[in-house]
Amino acid sequence: KGSSAPITLRNLVMQKILGFNRFIPWPVHRSTRIFGIRWIKLGVNTAPGGSHGCYIFAKEDSPIEIGDYTIVAPNVGIAGFNHDIYDISKFEGKGGVKIGRYCWLGMNAVVLPGVHLGDHTIVAAGAVVTKSYPDGYCILGGNPARKVRDIERDKVVERKHPYEYIGYCRQTRGNL
């Protein structure tokens, strides 16, 4: 309870017993699609795709990294790579995607290849993020997304959950 990446009995049954997204090592909704899991690195208590309808894909030259306690809402897209504009049967990497700690990606938001979002970045519902905001502490909105406002650093609260997990594995102080 109170985690942005809850491990529930329903998730376990749907994922590990019935086989929806069986090979993904963190809680994922049955309607989410994730490709390239070995090139996706997650922080503590983060489970992209735990909400329904997410589409997340990475590859070796286009990894995705998502920091601790980041929330990913329903129908979010995180694209580590994209089609080549001259030959759509090929894919081109732009360095992947990096999303900081304590971020929040609102419903139907899309983060495109090559984007780096710093800590405490909020992406508004429906926003399409096409460029980086590595300093974080801001709210992004629109298509293409732009900075709507800054977040005051001294007002930010970084809560830690008493049970810290990366995927289905509990973390201890020695391996955090």
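I started with Tyr69. Its relative accessible area is 11%, so I logged Tyr69 as buried. The cut-offs I use are under 20% relative accessible area for buried, over 50% for exposed and partly exposed in between, with a 1.4 Å probe and protein chains only. Tyr69 has a positive phi, near 60°, and is not a glycine. Tyr69 sits in the loop between E4 and E5. Helices (H or I, at least four residues) and strands (E, at least two) are DSSP runs, numbered from the N terminus.

A note on the source: this is a predicted model, where local features need pLDDT of at least 70 and side-chain atom pairs count only at pLDDT 80 or more, while totals for chains, interfaces and linings use all residues. Residues are numbered from 1 along each chain as its sequence is written, and side-chain values use heavy atoms, with hydrogens and water left out.

Next I looked up Tyr102. Its phi is also positive, near 55°, in a residue other than glycine. Tyr102 is in the loop between E9 and E10. Tyr102 counts as buried, at 13% relative accessibility.

Then Gly106. I found Gly106 in the loop between strand E10 (104–105) and strand E11 (110–111). Gly106 is buried, at 7% relative accessible area. I checked Val76 against Gly106: they are 30 residues apart in sequence, yet 7.4 Å apart C-alpha to C-alpha. Beyond four places in sequence, Gly106 is in contact (heavy atoms within 4.5 Å) with Ala73, Val76, Val123, Ala124 and Ala125.

On to the core. Which residues have the most contacts inside the largest nonpolar core? They are Ile78, Leu105 and Leu117, in a core of 31 residues. Strands E2 (40–42), E4 (64–66), E9 (97–99) and E15 (138–142) each give two or more residues to this core. By definition, a nonpolar core is a set of buried Ala, Val, Leu, Ile, Met, Phe, Trp, Tyr and Cys residues joined through side-chain atoms within 4.5 Å. I listed the contacts of Leu105 beyond four places in sequence; among them are Ile71, Ile78, Ile99, Leu117 and Val123.

I traced the sheet. It is open, has five strands in the order E5-E10-E13-E15-E16, and its pairing is mixed. Its edges are E5 (71–72) and E16, each pairing on one side only. Two strands pair if DSSP finds at least two bridges between them. E15 and E16 (residues 145–150) run antiparallel and are joined by five bridges. Leu140 has Lys147 in E16 as its bridge partner. E15 and E16 make a hairpin with two residues between them. Pro144 is in that loop, and the Asn143 to Pro144 peptide bond is cis, with omega near 0°.

Cysteines next. I count zero disulfides, taking a disulfide as a pair of cysteine sulfur atoms within 2.5 Å. For Cys54, the nearest cysteine sulfur is that of Cys103, 15 Å away. Cys54 is buried at 1% relative accessibility, and Cys138 is buried at 1%.

Last, helix H1 (residues 9–17). Its Asn11, Met14 and Gln15 are buried. They lie on the same side of H1, because they cover an arc of only 85° around the axis, taken from the directions from the helix axis to the C-beta atoms. Leu9 and Ile17 are exposed, on the face turned away from the buried side. Gly19 follows H1, with a positive phi near 95°.
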